[in-house]
Structure formats: structure tokens, C-alpha cells
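Morning, everyone. Please have the structure open.

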Amino acid sequence: MPERLKTILTIAGSDSCAGAGIQADIKAASYFGIYATTAVTAVTAQNSGAVSKVMALPPDMLRSQIEAVVEDQCPDAVKIGMTGSLANCEVICEMAEGCLKDVPIVIDPVISATSGAMLSGDKEKLIDFYINHLLPLATVVTPNIPEAEMILGRPIHISNTSAQSEVAARILDKLGCQSVVLKGGHTDGKRVWDVFVEYTFDGDLSFANHYFQRLMCPNLHGTGCTYSTMMASAIAEGHSLAVAFRLASKLTHDFIERSCGYSFGDHNNGPLNIFDFKTENNN
Ligand code: PXL
């Protein structure tokens with residue numbers, strides 16, 4: 001018998017400049033050596049400067065994509081990014097509790113700032129449903145600080161790593177999901193800390209953290225998508241959540257390190273350089 005290919009399913013939006021969304025996810029999973037299947041929630045027209053148009057796909061089309069993928073081969077992990085609409089959120093919940101019930105799910109809670117502007121319909125209702133129904137189903141939720149503020153409904157000030165771990169634990173408690181990574185890119189200081197907290201089998205909390213030196217890098221478009229897909233890929237590979245956390249943090253930092261020395265477009269906000277793409281002086 002030939003060996004079965006390991007796969008993830010990414011349920012996310014399309015980004016025409018291919019720095020974030022489904023396009024980032026395919027690159028990140030491929031880098032990891034995991035095959036990415038996809039279910040598109042929304043199509044965005046954007047470049048490195050701005051999002052000009054968003055069209056959420058009809059929920060029935062989203063459902064059909066997920067069903068088609070899962071009927072063929074159940075993924076080893078799922079990554080959920082931009083959902084596009086409340087109706088799509090409801091379909092994803094239904095799938096997470098149905099045909100994807102036994103599959104680990106990593107959710108990148110892209111509901112603030114730029115990506116919040118990309119949601120269609122009643123945003124308040126969507127965010128309420130998202131926080132109370134979708135996020136609790138996650139194996140891992142991977143907010144940055146602004147997303148954590150949205151989840152907790154209040155401003156967050158991180159003064160040190162133990163304060164950051166405390167906030168992560170609060171998010172875990174509020175959502176009742178299995179684990180949380182609170183990413184520290186939006187904090188101050190020379191070091192960026194990512195913190196991880198999970199419920200152990202006996203209901204205790206287990207913490208881990210990882211730091212790297214802060215880099216002044218202009219090309220970070222797609223970092224959150226890449227991070228969560230790295231985690232999903234590592235879980236699909238069979239790693240524990242704590243090891244998947246460490247790998248995602250380390251690899252994303254490696255990508256950021258190699259993304260500092262090039263320009264892309266007119267806006268000083270280019271995509272992450274996952275595959276070491278060439279610049280004009282390096283061909
Ligand atoms: O990083 C959030 C995000 C998610 N999904 C899509 C995006 C973005 C940010 O630009 O374009 C499709």
C-alpha cells in the first residue's frame with residue numbers, strides 16, 4: 001500500500017497580492033512538507049498598500065468545498081483564517097462539529113483592524129458569534145495583541161512575559177478552547193515573546209514561551225497566516241501542541257529574518273519571504 005499524504009485544510013480568504021490568506025497558507029504548509037487543501041471563504045482584491053474589494057463566497061459554496069475535500073481525504077489538521085461573513089462562520093461551526101469533529105483546529109482570529117474591515121454583514125453579530133461559538137471549538141487560537149484585546153473586550157498592556165502569560169491564560173479561560181498562543185509582535189522592547197498555554201489532561205495549565213530579537217522588518221504581510229498554518233502543519237505532522245508552538249515561532253522568525261532586505265511595491269509593506277525568493281541583485 002502506498003503511504004497516505006499528510007494534509008491540512010485551510011479555510012480562509014484569497015489575497016490577490018498573495019502575501020496573506022490562502023496563498024500564504026499554501027506556501028507555509030508546502031515549506032513544512034505538508035500538502036494544503038483549501039476552502040475559500042472570500043475573495044479580496046488587494047495589494048501591499050490597501051484592500052480595494054472583498055466578496056464573501058456564498059455559504060453553500062463554502063460548505064461544498066469543505067465537503068468535497070473531506071469526503072476525499074480527511075485532513076490531519078485544519079487552519080481557519082478570515083471567514084468573510086456570519087453565514088460562513090455558521091457553516092464553519094457546523095463543519096467543525098460535524099465532519100471535522102475529530103480533527104485538530106488552529107484558528108487565527110483575524111477579526112481586528114485590517115481584516116475586520118474585510119468582513120461583510122453585521123460585524124457586531126459576527127464577532128459575537130465568532131467569540132462565543134467558533135473560537136471555543138479550537139485546539140489552538142493564535143491571537144496577536146490587538147486580536148486579544150478584541151477577544152477580551154478591553155485594552156491590554158503587557159509589561160513582561162509573565163503578564164503576557166497571564167493574559168493568554170485569561171483568553172483560554174474565556175474561550176474554553178484547548179490552548180492559546182499569544183503572539184508578542186505588537187509589544188515594545190528588544191525581545192519579542194510568544195507565549196503558549198494549554199490545558200493538561202488533568203485540567204491544570206501548562207505554559208511555554210519563546211523569544212527572539214525584535215527586527216525592524218518592513219515586509220510582514222501574511223505573518224499571522226503563516227504562523228497559524230505552521231502550527232497546523234506541525235500538528236498534522238504529529239507533533240504535540242507545545243512542540244508545534246516552538247516550531248511555528250522559530251520558523252516564522254526565520255522567515256522574518258530573511259524578509260528585511262528587499263522592497264516590494266510602493267508601500268513598504270511587502271510579503272513575508274517564505275521561500276527565499278530572489279531580489280534583482282540576487283539572480
Ligand atoms: O492576516 C489577515 C488576513 C487574512 N486573510 C486574508 C488577508 C489578511 C490580511 O491581509 O488578506 C485574505
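One term before we start: contact here means heavy atoms within 4.5 Å. Keep in mind that this is a predicted model.

Let's begin with the cores. Setting aside neighbours within four places in sequence, Ile-66 is in contact with Leu-9, Ile-11, Ala-39, Met-95, Cys-99 and Leu-100. The largest nonpolar core has 44 residues. Those with the most contacts inside this core are Ile-11, Ile-66, Leu-100 and Ile-171. There is also a second, separate core, with 29 residues. Phe-32, Ile-34, Ala-208 and Leu-251 are included in that one. The general background is simple: in soluble globular proteins, nonpolar side chains tend to be buried together.

Ile-34 sits in the loop between α1 (21–32) and β2 (35–46). Buried or exposed, then, with a relative accessible area of 2%? Buried means under 20%, so Ile-34 is buried. Leaving out neighbours within four places, Ile-34 is in contact with Lys-6, Thr-7, Ile-8, Ala-29, Ser-233, Ala-236 and Glu-237. For scale, its C-alpha is 24 Å from that of Gly-98, 64 residues apart along the chain.

Next, Met-230, in helix α8 (residues 223–237). Its relative accessibility is 0%, so Met-230 counts as buried. What does Met-230 touch, not counting residues up to four places away in sequence? The list is Ala-28, Tyr-31, Phe-32, Ala-248, Leu-251, Thr-252 and Phe-255. Phe-32 and Leu-251 were both named in the second core.

Now a helix pair. Helix α3 (residues 86–97) packs with helix α5 (residues 123–134) at an angle of about 10°. Their axes are 9 Å apart. Angles under 35 degrees count as roughly parallel, and therefore α3 and α5 do too. From α3, the contact uses Leu-86, Cys-89, Glu-90, Ile-92 and Cys-93. From α5, it uses Lys-125, Leu-126, Phe-129, Tyr-130, His-133 and Leu-134. By type, the residues of this contact are eight nonpolar, one polar and two charged.

On to the strands. β7 (residues 179–182) and β8 (residues 191–199) pair in the antiparallel sense, over four bridges. Ser-179 stands opposite Glu-198 in β8. Which way do the β7 residues point? Ser-179 and Val-181 go one way, Val-180 and Leu-182 the other. All of them are buried.

His-210 belongs to strand β9 (residues 205–213). At 15% relative accessibility, His-210 counts as buried. Again not counting residues up to four places away, His-210 touches Val-192, Trp-193, Asp-194, Phe-245, Arg-246, Ser-249 and Lys-250.

Last stop, backbone angles. Most residues other than glycine have a negative phi. Asn-268 has a positive phi of about 55°, although it is not a glycine. Asp-276 also has a positive value, near 60°. Asn-268 lies in the segment after α9 (241–257), and Asp-276 is in the segment after α9 as well. Asn-268 is at 59% relative accessibility, so it counts as exposed. Asp-276 is at 49%, so it counts as partly exposed.

How values were computed: Residues are numbered from 1 along each chain as its sequence is written. This is a predicted model: local features need pLDDT of at least 70, side-chain atom pairs count only at pLDDT 80 or more; totals for chains, interfaces and linings use all residues. Side-chain values use heavy atoms; hydrogens and water are left out. Buried means under 20% relative accessible area, exposed over 50%, partly exposed in between (1.4 Å probe, protein chains only). Helices (H or I, at least four residues) and strands (E, at least two) are DSSP runs, numbered from the N terminus. Two strands pair if DSSP finds at least two bridges between them. A nonpolar core is a set of buried Ala, Val, Leu, Ile, Met, Phe, Trp, Tyr and Cys residues joined through side-chain atoms within 4.5 Å. Axes are lines fitted to C-alpha atoms, for helices over the stretch in contact, and angles run from 0 to 180 degrees between N-to-C directions. Angles under 35 degrees count as roughly parallel, over 145 as roughly antiparallel, 65 to 115 as roughly perpendicular and the rest as oblique. Ala, Val, Leu, Ile, Met, Phe, Trp, Tyr, Cys and Pro count as nonpolar, Asp, Glu, Lys and Arg as charged, and the others, Gly among them, as polar.
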